[in-house]
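Let's take a walk through this protein together. Have a look at the sequence and the model first, and then we'll start with a charged residue.

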Amino acid sequence: MRQETKCIQAGYTPKNGEPRMIPIVQSTTFKYDTSEDMGKLFDLEADGYFYTRLQNPTNDYVAKKIAALEGGTAAILTSSGQAATFYAVFNIAQAGDHVIASTAIYGGSYNLFNVTMRKMGIDFTFVDPDCTDEELEAAFKPNTKAVFGETIANPALVVYDIERWAQAAHAHGVPLIVDNTFATPINCRPFEWGADIVTHSTTKYMDGHDATVGGCIVDSGKFDWMAHADKFPGLCTPDESYHGITYAEKFGMEGAYITKCTAQLMRDLGSIPSPMNCYMLNLGLESLAVRVERHCSNAQKVAEFLEGNENVAWVEYPGLLSSKYHERAKKYMPNGICGVISFGVKGGRKAAEEFMKHLKVAIIATHVADAHTCVLHPASSTHRQMTDEELIAGGVMPDLVRLSVGIENVDDIIEDLTQALASK
Ligand SMILES: *Cc1c(COP(=O)(O)O)cnc(C)c1O
């Protein structure tokens, strides 16, 4: 199946007489004839469901669809993108370990790593995604367990050189985790470039309608944990909290990582999305390919318009020839990039705020990447915890306006921007 078909058909195939749509199994628990039957599930000896804090059929259908879209072997849905990022890293790094992260990542991921996970005893080194080979090499330590980056950084729009970072990670025996939220598997499939784990905030394009917060982790099934067993004792030595199971032995490369994530992290931390939310996410996924195409064509036209407008100081969109990332974007996402554009309004911070007040079609919202066009000033909202130095290091200028181009008629969007820019 091609991507457009997978959006509709993958993950759930009804049998004779079964519902066409994914059933919403809104049940916390599941019935068994004998305790022995249930015991097998607890021992991970049999496949099945016993309690929705760990697994639910509706969730699993949708996770399978996303795994198919990414070309992975297994996936898990989480109640938010933040939970997905946290689980993806915490599944293989613990107190005393070290992780390398790109500086060009979502502000929420940066805080999670730099503040909360540091409190848990995990050390992070943040590295410019366009650093020299020497700088990249110097970031690795004997206790490094993973490398983390973002396909197209929100909101800096830096395009990550996935192949280069995957090679560096693999040379040090650790996996590359890539947040693929902005590109979506319609525009980029990080596994084809060597990434090992992919995360998503499904809240963005995947849901696409401002309806449900959610996240997803997908495993490529290609990272050989056992070949680096000394680094990953959680996967390669017996789990005493699960009757001595060794995940990498019992579930192999294709299943170990996600099974551990479910059996340990979901069990103990419980960031499971509700089946109802997963059902809604699936509705979004069905139209993902069509919507992403429209987001990208609208954004390209809007970016070109902005570049030619006298009230605009600068525009960053990798679809523009003027972008530093144009060539790299053509390599990793030849069919389209995303609907998000960054630009500066002439007159700086104050002019940007004034311009935003005059918008009518585009609304001010702490959100991006959905059907509705919206704008945000990161320095005074999502990124306000960061200092100016941290902002600039992450590629977020203090005067940056993040414009998320929706799927409305592009002429309405451009007319709205024209009048707001003229009246600032
Ligand atoms: C929004 C976002 C997140 C966090 O996801 P939530 O669903 O808001 O928890 C992570 N990464 C990226 C790139 C995002 O845009």
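Asp133 counts as exposed, because its relative accessibility is 51% and the cut-off for exposed is over 50%. This is a predicted model, by the way. The side chain of Asp133 meets that of Arg164 in a salt bridge, at 2.9 Å from N to O. That pair ties together distant parts of the chain: Asp133 sits in helix H6 and Arg164 in helix H7, 31 residues apart.

Helix H7 has another link of this kind. Its Glu163 pairs with Lys331 of helix H13, 168 residues apart, and here the N to O distance is 2.6 Å. Lys331 is partly exposed at 35% relative accessibility, and Glu163 is partly exposed too, at 29%. Elsewhere, salt bridges with shared partners join Arg118, Asp123 and Lys141 into one network. The whole structure holds 13 salt bridges.

Now for the nonpolar side of things. The largest nonpolar core has 137 residues, and Trp225 and Phe355 are among those with the most contacts inside it. Both domain 1 (3-282) and domain 2 (288-423) give at least three residues to this core. Trp225 touches, among others, Ile92, Phe232 and Tyr257.

Finally, find the open sheet of five strands, ordered S8-S9-S12-S11-S10 with mixed pairing. Strands S8 and S10 are its edges, each pairing on one side only. Strands S9 and S12 run antiparallel over five bridges, with Ser342 opposite Arg402 in S12. Helix H12 (residues 288-307) lies across S8, S9 and S12, at about 15° to S9.

Methods. Residues numbered from 1 in each chain as written. Predicted model: local features only at pLDDT ≥ 70, side-chain atom pairs only at ≥ 80, totals over all residues. Heavy atoms only, no water. Pairing = 2+ DSSP bridges. Helix = DSSP H or I, 4+ residues; strand = E, 2+ residues; numbered from the N terminus. Contact = heavy atoms within 4.5 Å. Axes fitted to C-alpha atoms, helices over the stretch in contact; angles between N-to-C directions. Core = buried A, V, L, I, M, F, W, Y, C linked by side-chain atoms within 4.5 Å. Buried < 20%, exposed > 50% of the residue type's maximum accessible area, 1.4 Å probe, protein only. Domains from an automatic or database assignment. Salt bridge = Lys/Arg side-chain N within 4 Å of Asp/Glu carboxyl O. Lists of a residue's contacts leave out its neighbours within four places in sequence.
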